[in-house]
Protein chains: 2
Amino acid sequence: MDITLADCAERLLHAGSILVLSHSFPDGDTLGAASAMIRVLRSLGKKAAFRCEHDIPDKFKNLFCGLDPLFPEEFDPELILALDIADISLIGSLGDLYGDKIDLCVDHHAANRKFAKESYVDPSAAAACEILVDLIGRMKAEITPEIACALFTGITTDTGCFRYRNTTARTHRAAAEMIGYGADAGEINYRMFEIKTRARLELEREILSGMEYSSDGRVSMIAIPREMVLRLGATQDDLDGISALPRQIEGVLIGITLREKEDGTYKVSFRANEPVKANVIAALFGGGGHAGAAGCTLDLPLGEAKRALMKESEAYLGEIS
Amino acid sequence: MDITLADCAERLLHAGSILVLSHSFPDGDTLGAASAMIRVLRSLGKKAAFRCEHDIPDKFKNLFCGLDPLFPEEFDPELILALDIADISLIGSLGDLYGDKIDLCVDHHAANRKFAKESYVDPSAAAACEILVDLIGRMKAEITPEIACALFTGITTDTGCFRYRNTTARTHRAAAEMIGYGADAGEINYRMFEIKTRARLELEREILSGMEYSSDGRVSMIAIPREMVLRLGATQDDLDGISALPRQIEGVLIGITLREKEDGTYKVSFRANEPVKANVIAALFGGGGHAGAAGCTLDLPLGEAKRALMKESEAYLGEIS
């Protein structure tokens, strides 16, 4: 059932002990939201704990400084809260424990499956943390610098440092407010966006060297074989955002990224600029998504996969031009 | 003489005809400010014209849509306004015409030389356009979508899309306000930051391939020979921000970029992370700057220049560690 933000605040204020869940492969938004909420709940004298299927990546560990223990052994929550979780499958193995027990979900994904007993979903928010700025305001909790940092981290990571089209005036106002409460925006952005590992750098260099074009530069394609990832010691973090590279080239309307998975199949990401619709091309290969970003899986040798993708992309461009 | 922002508004409201100047090699901030101010002045029934030593780069041409003629042949201004200009030398050849005639300068550079008859300099502003948001507010002019776009462009380009440490809560509030007045932030950021020319891409690839490290990866260095720039057909725009690359690598404390100039000497840029001070190293080579960013010129063959820079950087790191 959908509830209002005021109801969310009331539910949280009435519960004595709350378990906060983040989604698997946790990012800055789900973790920033969890850190901020746990700090708020504890400051209000409540018990609050945290669970996520995966460990907190190094990059985000500082969000949880001083929050030990994150999950006390004795913990039987009155309320289970899912933050930034669009579907129950996104908590992975924790689904066995909590799948049908989630009381409240606060999220910004339009595709939220409303798996919780009560949900507050605002797709106009760029980040779950943007919603939490309002929610925490309604809870009348003090926003400490740690809470401000956590919320700013979620907002800046989910908007690519205010670059993506999901960024609104409200996003900037929320950021301004968090800086006012002590978020060190310069330091957070430096850590989140500026530092590259050497593995990432090598990866970009090799990928760019192998970039292919067709249709007078309107299609560009890169491939990331597993061999390359293993040889360079690149982590999941290092691969983050790689599929944005091909579309960044001037004149490119369709950018395609093929990434080899463990089973030898290829995860294909399409990124398109108007008037091209990425999901139309992905659908030709049994995939889907949005106009700007879509994907599919191909079980073909790399050369064949590339040829098939180039051929269909060229045909599509021929049709729409 | 320093004057207040209210005085600036009054000077502009009292003048019937105003000439607006941008600095040479114009960027998004000086051009965004000029475009916004000319539109405001014309909307208030005044004559307003624009001069800059250099042509408006393609990337910023749309800021001046519908503003013809930018400089009418018959134009004898009552007030000459310099925007985002820290020193009279930065208007280049226009200095002969206007050098001692500039009535008012509105700028955000702490190093402003106060060359105008009256100046308003606010170094706490991330961009001249951030100051103009307040100034135009005081002039009680209507902020049209075109004006909002121009001011947003200046703010986002001077802050690296809200990433640099000059970004404050006020910067985000100004951005929120401009989006509210119709600035298409997603489109502007896409054009300013996301699109790369093929020449830029090739340039990055070649530069990254040749990146050198020393002192256990705490020093990194790249070189951009003129031959490379000419061969790839890279423009000044393509070279923009290149010197940020070496410092982006994890663990790097000093990032050094050598760029060959037309006369065969090298322009050297230092970018440092704390506790290293870029200006201390630059000073060893007769240069200067800030702790984070500094520069010098070296008249040495490339190999010798590199060795000298590596040697002094290593010695400096030895001293401070």
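## Buried area

Let's start with the interface: chain A and chain B bury about 3700 Å² between them, with carbon and sulfur atoms giving 56% of this area (accessible area, 1.4 Å probe, that the two parts lose on being put together, summed over both). On the chain A side, the most area is lost to chain B by R163(A), H172(A) and E194(A), which together make up 19% of what that side buries.

This is a predicted model, where local features need pLDDT of at least 70 and side-chain atom pairs count only at pLDDT 80 or more, while totals for chains, interfaces and linings use all residues. Residues are numbered from 1 along each chain as its sequence is written, chains are lettered from A in the order in which they are written, and side-chain values use heavy atoms, with hydrogens and water left out.

Contact (heavy atoms within 4.5 Å) joins 35 residues of chain A to 35 residues of chain B. The copies meet through the same surface, because 100% of the interface residues of chain A are interface residues in chain B too.

## Salt bridges

Four salt bridges cross the interface of chain A and chain B (a side-chain nitrogen of Lys or Arg within 4 Å of a carboxyl oxygen of Asp or Glu). One salt bridge links the side chains of R165(A) and E187(B), at 3.2 Å, N to O.
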